Amino acid sequence: MKVIIIDDEPLARSVVKEYLQKYPQLELWQECNDGLEGLKAIQEHNPDLIFLDIQMPKINGFEMLELLDQPPAVIFTTAFDEYAIKAFEAHAVDYLLKPFSQERFDKAIEKVMAQKNISPEKITQELLETAAQSPSQSQRIVVKNGSKIKIIPLQEVFYLEAADDYVKIHTKEGYFLKNKTMNHFEQSLDQQHFVRSHRSYIINIQQITRIDPYEKDNHVAILRSGAKVPVSRNGYVRLRQVLGL
Amino acid sequence: MSRSPLSVNRFRTIFISIWLAVIFDITFVLKWYGSGWDWPVAIIDSLISCSLLFIFCLPLMIMLQYYTPRQKNYVNIFIWCAFITGVWLALTHWLLSLALGHYEGYDSFLHQSQIIRGSIGFLLTGCVALAFVIWYNWEEQQENEKRKQDSEKLAKEAELFKLRQQLQPHFLFNSLNSINALIGIRPEEARKMVQQLSDFLRGTLKKEETQWVSLQEELQYLQLYLDIEKVRFGNRLSTVIESTDTTNEMKLPALLLQPIVENAIKFGLYDTTGETMIRITALVEGNNLVLKVENPFDPETSSSSQGTGFGLKSVQRRLYLLFGRNDLLVTEAKENIFTTIVKIPQATVTIAEK
């Protein structure tokens, strides 16, 4: 089995390495310093198991998982992160709280071995949904743009638009696609700043310059960029509420 | 319950002095107004009237202590005053005619002066009631003010505590994890790090935010913190601290520089990859101690609005509370270097120390 360790602290990686020595069948393939490196290594080597820290430079552990089409089995290693731990517990994902012992480590490995046949995809998907609701997670959106990774700070988002299985994230540099649902964004984004104006649209209210009537019951929001975003009847009610009109 | 003004020495003295003045005044009026009365008559009349009025005022004072009427109920005070004056008038009339009735013409004088006595009595009880109402209102206001301040202070402390908590556990557990790793590979270093971590934690526990410390002390303490981070992140972190003998002697509020350095570490070390240099420079500028903390940051991942993390907001608040100024903390981001500059006025330090 191929193993990759992703953690920004060399000593933290060396503990995992040390504990791994007991398992000749687990082969340490690579060590990574941050989420981006981890992403590259996983795509390249397709490991069976990764040890993943949450707080890391560039992109964090959750953001990295989000970008993977087929996530491997994950054992999270973290020191202290209330929200992450809540998410783990909600989805029975195994995690190691630093500092951890060889015994605790062994148990985690045992569990992974036992679940060998279960695809980790579903668990990961659900876990990420929960984790996305933590306030520390929702300051930015990380997207794949071809082979490149783009980090979009939330204040740079103009509006979101539903597009089949994807969501188009419109910014001043054009739009980026993210493989998520509108409901996901409606729930994870701060509702004081992002309002679902329409079944297929979520607007960053700081971008709105004015709202004009449009046809009979509908409205249209004009953004600073000049873009026109449809506003449904319910969406208009929500917008007025948030804008305090 | 608020305290009575009579329990405050200064007010008691003023109150008694005014009362004595009234007694003397009435005595003199009785002696010299119109045909005038003899000294004994004037003195006895004045003493009996005034003392009785004073005694009658006591229930009024006590009542006001327990029940301070609201604005629309002020008419109640009038009614009480009128009632007290009436009872007092009847009683003094009876007592005075008993005591001084044998003086010729006193009875008719007493009778004629009822209306004047009554109005003076009403005026005096009214004044006492007014003084007490004002006092109690003021007391209540003071108490509210104090309560507001107390709750604000508590909220602030709790907030600061929470802010500190957000950073510390992460740092603490990660440090313990590093020690755990070192025990296996380099036990000597593990032992050293346990020492450093203990000294650092002891420092955090010992310090109170109201304390003022010398820069040298603060820098020694921060050095422990930086050394621990150096172990955690291997050779990625290097630090430069520039301070002269003069600046080392200067003072600053305890735990003020630490959140700034923690912030620098957070953005400069936790959120970046590759080599990181954190530079702390101390300067003297006029009467100020100026501290400059520079750290690199990743412009790709930390947007400009994130520039002042929560650590710096609490520093800004503390500076405002200490000096009443908002211009003492300045930050700037140039290319990929973030600089935090904090000025600590030194004159105020000596005042605070006194």
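Begin by selecting Ile50(A), Phe76(A), Leu160(A), Ile202(A), Ile203(A) and Val261(B): within the largest nonpolar core, which holds 97 residues, these touch the most other members. A nonpolar core here is a set of buried Ala, Val, Leu, Ile, Met, Phe, Trp, Tyr and Cys residues joined through C-beta atoms within 7 Å. A residue is buried if 20 or more other C-beta atoms lie within 10 Å of its own, exposed if 12 or fewer, and partly exposed in between, with C-beta atoms placed from the backbone. Helix α6 (residues 215–232) of chain B gives this core its largest share, eight residues.

The model is predicted: local features need pLDDT of at least 70 and side-chain atom pairs count only at pLDDT 80 or more, while totals for chains, interfaces and linings use all residues. Residues are numbered from 1 along each chain as its sequence is written, and chains are lettered from A and ligands numbered from 1 in the order in which they are written.

Centre the view on Val261(B). Leaving aside residues up to four places away in sequence, Val261(B) touches Leu222(B), Tyr225(B), Ile280(B) and Val293(B); two residues are in contact if their C-beta atoms, placed from the backbone, lie within 7 Å. Another core, of 15 residues, lies apart from the largest one, and its members include Cys50(B), Trp88(B), Leu124(B) and Ala129(B).

**Two helices of chain B**

Select helix α1 (residues 9–32) and helix α2 (residues 39–66) of chain B. Their axes come within 8 Å and cross at roughly 145 degrees. Axes are lines fitted to C-alpha atoms, for helices over the stretch in contact, and angles run from 0 to 180 degrees between N-to-C directions. The crossing of α1(B) with α2(B) is right-handed, the near helix being turned clockwise from the far one by less than a right angle. On the α1(B) side, the contact includes Trp19(B), Ile23(B) and Leu30(B), and on the α2(B) side it includes Trp39(B), Cys50(B) and Phe54(B). By class, this contact has 12 nonpolar, three polar and two charged residues. Ala, Val, Leu, Ile, Met, Phe, Trp, Tyr, Cys and Pro count as nonpolar, Asp, Glu, Lys and Arg as charged, and the others, Gly among them, as polar.

Now display the whole of chain B. Chain B has 10 helices and seven strands; helices (H or I, at least four residues) and strands (E, at least two) are DSSP runs, numbered from the N terminus. Of the 354 residues in chain B, 26% are buried. Among contacts in chain B with a separation of 6 or more, 74% join residues 24 or more positions apart.

**Where the chains meet**

Show both chains together. Chain A brings 19 residues to the contact and chain B brings 24 residues. On the chain A side, α1 (10–20) and β7 (148–153) each supply at least two residues, and α1(A) gives the largest share, six residues. That side of chain A has 10 nonpolar, four polar and five charged residues.

**Strands of chain A**

Chain A comes to eight helices and 15 strands, and 42% of its 245 residues are buried. Select strand β11 (residues 194–198) of chain A, where five of the five residues are buried. Four bridges join β11(A) to the antiparallel strand β12 (residues 201–204) of chain A; two strands pair if DSSP finds at least two bridges between them. The hairpin from β11(A) to β12(A) passes through two residues, and His198(A) has Tyr201(A) as its bridge partner.

Next, select the open sheet of three strands in chain A, with antiparallel pairing in the order β13-β14-β15. Its edge strands are β13 (208–214) and β15 (228–231) of chain A, and the twist averages 25 degrees from one strand to the next. Six bridges join β13(A) to β14 (residues 218–223) of chain A, with Ile208(A) opposite Leu223(A). Helix α8 (residues 233–243) of chain A packs on this sheet, touching β13, β14 and β15 of chain A, and its direction makes about 105 degrees with that of β15(A).

**Last stop: Pro47(A)**

Select Pro47(A), in the loop between α2 (35–45) and β3 (49–53) of chain A. Why does Pro47(A) count as buried? Pro47(A) counts as buried because it has 20 C-beta neighbours inside 10 Å. Its contacts beyond four places in sequence are Lys2(A), Val3(A), Ile4(A), Trp29(A), Ile42(A) and Pro72(A). The C-alpha atoms of Pro47(A) and Gln30(A) are separated by 9.5 Å, the two residues being 17 residues apart along the chain.
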